Amino acid sequence: MIKLENIRKVYSTGKVDVEALRGVNLHIKKGDFVTVIGPSGSGKSTLMHIMGCLDKPTAGRYQLNGQNIQHLNDNQLSELRNREIGFVFQNFNLLPYASAYENVEMPLLFAGVGGKKRKEKVESILKKVGLADRMDHRPNELSGGQKQRVAIARALVNDPNIILADEPTGNLDSTSGREIMELFVSLWEEGHTIVMITHDPRAKDYTEKVVTIIDGLIES
Amino acid sequence: MIIKNVVQILRELRKQKLRTVLTLFGIFWGTTSVILLLSFGMAVKARTSETMHGMGEQICIIWAGRTSISYGGFPKGRNLNFYNGDARYLKDNVPLIGDISPQYTRSLPANVGAKKQSFLVSAVWPEFKEMRNMIPREGSRFISPIDEEKRRRVVFIGNDVEKTMFGNKDAVGKIIYIDGIPFTVVGVLIEKQQDSDYSGRDKDAIYMPTSTYLAIYGDRFINNMVARARDINQTDAMKKAIIAAMAKKYRFSPEDEQALPIWDTTEMDQFLNTFFNGFTIFLGIVGVMTLIVGGIGIANIMYVIVEERTSEIGVKRAIGAKKRLILVHYLIETFVIASVGSISGFLFSLLLIFGINQAPLEDFVGVLKVNPTISIASILIISTITFVAGWGPAKRASNLDPVVAING
């Protein structure tokens, strides 16, 4: 599903070149639940951005579903993110003026899904994450855990092949955090592929595979 | 896709009421002030030109004066007079003259039934009508060449004379006694704006044929003459030729500036034309400045919008929005704000103009009119400025690196 081969990423900040990733090799199969842990500055966010097609590697090969990412243009990458990848962010990144329903609907709008189908999908997915009675609430009317559920619903709504979660429990209290982790586990049990970046040590207890990244290299 | 996009934009605009309202108000007010400013300026210009031309356009009024230079054996300080044949003499001897008319003037008592009042009575030729804008009301006429030829006892009266002597009734065809002699009213002056005159306002005067007048009163002297050049660009040459012709006849120096005072209304025209050209340019500059200020405001607001929504743009990009979609999104947003703002501003200015026209300001500023060309141009210009102002930020938004945007 995801195949990273010798991925390097160099950021040029004027005088100094910072090497965030120094040859990462990673293989993720369909149905995997992988946790990437590492100290801050280790390059785990960079890895996440490259896997999410938000950023391109400086060198190396990245295959997603057998497709080579390097040769795609901006439009094709946008479509790929829309169809294949669902993002969940640490600080939720919901649109503040839009209701839970409208936030979840957005990827479908970008994908050009018709009105009736859109409504069905948004409603069923919000029900699935337990927010059937919160559809018309705006983010500021929701708790942290509920916000993250909306974000997860948004990530799921277009049936992506892979869910990328960047510290999804980082801004939550422990109870909400546990609930979110349990939600991820149930999604995994349904067959979703999940890659989660975290430094929450308890996360290991939920996942089957842990990858540690230090100084831009994977330690296994 | 575009329609869904518009739906979403309208939704976002509605949800950010204050910001949208403030931006809209900026454009709304810009449009309103530009349109008002320009209609105001044009109304004042039209008004001034109209009242100034109430007396007549590009005409010369000629009086007999007093010599200030001794000439041909005559001492200076000699009073000159125009004699009966002088208008004819000038017409025959100065080919540059297009129209000319003598004007005899007397204050005479008039009565209709029991109503009695004195009016200024002028005796003139039919040519007087065109030169002095003696426009008859519909269904009536000025003194005709046949009236002049047949010495008819007919008069053309000012609209205020009609009001005073006939009340609200139509005077045409009725009899008015002047100095005890019955005259038939053949024409009434339309209501016209006049802010300059030399012997009272036209609305208060009575006009009759010179032949009739001379048969009754037998005047030897003409009060003054009114002339207009055949080609208005030759007015100066005509004045010189008139002075030369009269100087020859009455033996005064052609250099004598006081012998034949001439009031040339074209001089005032030229001044006003220059003045109003400047005025129009000034208004145009103010208008353009206003629009530019409006445009800067819009650019500023659009910049802030993009700035404060970078993370939102990043999120949208992350969940699959294409660059073009972000660009189109912000452009449509700008377009919606620009068009709603400028069109409502236009409608509001129409309302204001209607209101101002109801107020009793007509004598000062005239009637405000909305010039369609200027209105459309203003709306187009302000929309274009808005669009250009929105383009930069929109382009910037679409080119944001999603990674940077999300973290921002």
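Reader: Which residues is Asp202(B) in contact with, once its neighbours within four places in sequence are left aside?

Author: This is a predicted model, and in it Asp202(B), with its neighbours within four places in sequence left aside, is in contact with Met134(B), Gly158(B), Leu189(B) and Gln194(B).

Reader: Where in chain B does Asp202(B) lie, and does Asp202(B) count as buried or exposed?

Author: Asp202(B) lies in the loop between strand S7 (181-188) and strand S8 (205-209) of chain B. To judge burial, one counts the C-beta atoms around a residue, and 20 or more of them within 10 Å make a residue buried. Asp202(B) has 25 C-beta neighbours inside 10 Å, and therefore counts as buried.

Reader: How should I place that residue within chain B as a whole, and what percentage of the residues of chain B count as buried?

Author: Of the 408 residues of chain B, 37% count as buried. Chain B holds 14 helices and 11 strands, and when one takes the contacts in chain B between residues at least 6 apart in sequence, 80% of them join residues at least 24 apart.

Reader: How do I read the packing of two helices, and at what angle do helix H9 and helix H13 of chain B pack?

Author: Two packed helices are described by the angle between their axes and by the distance between those axes. In chain B, helix H9 (residues 265-308) and helix H13 (residues 372-399) pack at an angle of about 25°, and their axes are 8 Å apart. Because of that angle, H9(B) is roughly parallel to H13(B). The crossing in which H9(B) passes H13(B) is right-handed. Among the residues that make the contact are Gly294(B), Gly295(B) and Ile298(B) from H9(B), together with Ile385(B), Ala389(B) and Gly390(B) from H13(B). Sorted by class, the contact of H9(B) with H13(B) has 13 nonpolar, 5 polar and 1 charged residues.

Reader: Can I apply that reading to chain A, and which residues make the contact of H5(A) with H6(A)?

Author: Begin again with the axes: those of helix H5 (residues 144-156) and helix H6 (residues 174-189) of chain A come within 9 Å and cross at roughly 20°. H5(A) is therefore roughly parallel to H6(A), and H5(A) passes H6(A) in a right-handed crossing. The contact is made by Gly144(A), Gly145(A), Gln148(A) and Ile152(A) of H5(A), which meet Ser176(A), Glu179(A), Ile180(A) and Leu183(A) of H6(A). By class, the contact of H5(A) with H6(A) has 3 nonpolar, 4 polar and 1 charged residues.

Reader: Which residues touch the most other members in the largest nonpolar core?

Author: That core has 98 residues, and Ala153(A), Leu164(A) and Val195(A) touch the most other members. Leaving aside neighbours within four places in sequence, Val195(A) is in contact with Ile28(A), Val34(A), Val36(A), Met51(A), Ile162(A) and Leu164(A). Another core, of 56 residues, lies apart from the largest one, and its members include Phe82(B), Phe119(B), Ile143(B) and Val185(B).

Reader: Finally, how many residues does the contact between the chains take from chain A and from chain B?

Author: The size of an interface is often given as the accessible area lost when the parts come together, but here one can look at the residues themselves. The contact takes 21 residues from chain A and 20 residues from chain B. Helix H1 (2-15), helix H10 (310-318), helix H11 (323-358) and helix H14 (402-407) of chain B each supply at least two residues of the side that touches chain A, and H10(B) gives the largest share of that side, 5 residues. By class, the side of chain B that touches chain A has 9 nonpolar, 4 polar and 7 charged residues.

Conventions:
Residues numbered from 1 in each chain as written. Chains lettered and ligands numbered in written order. Predicted model: local features only at pLDDT ≥ 70, side-chain atom pairs only at ≥ 80, totals over all residues. Core = buried A, V, L, I, M, F, W, Y, C linked by C-beta atoms within 7 Å. Buried ≥ 20, exposed ≤ 12 C-beta atoms within 10 Å, placed from the backbone. Contact = placed C-beta atoms within 7 Å. Helix = DSSP H or I, 4+ residues; strand = E, 2+ residues; numbered from the N terminus. Nonpolar A, V, L, I, M, F, W, Y, C, P; charged D, E, K, R; others polar. Axes fitted to C-alpha atoms, helices over the stretch in contact; angles between N-to-C directions. Parallel < 35°, antiparallel > 145°, perpendicular 65-115°, else oblique. Left-handed = near helix turned anticlockwise from the far one by under 90°.
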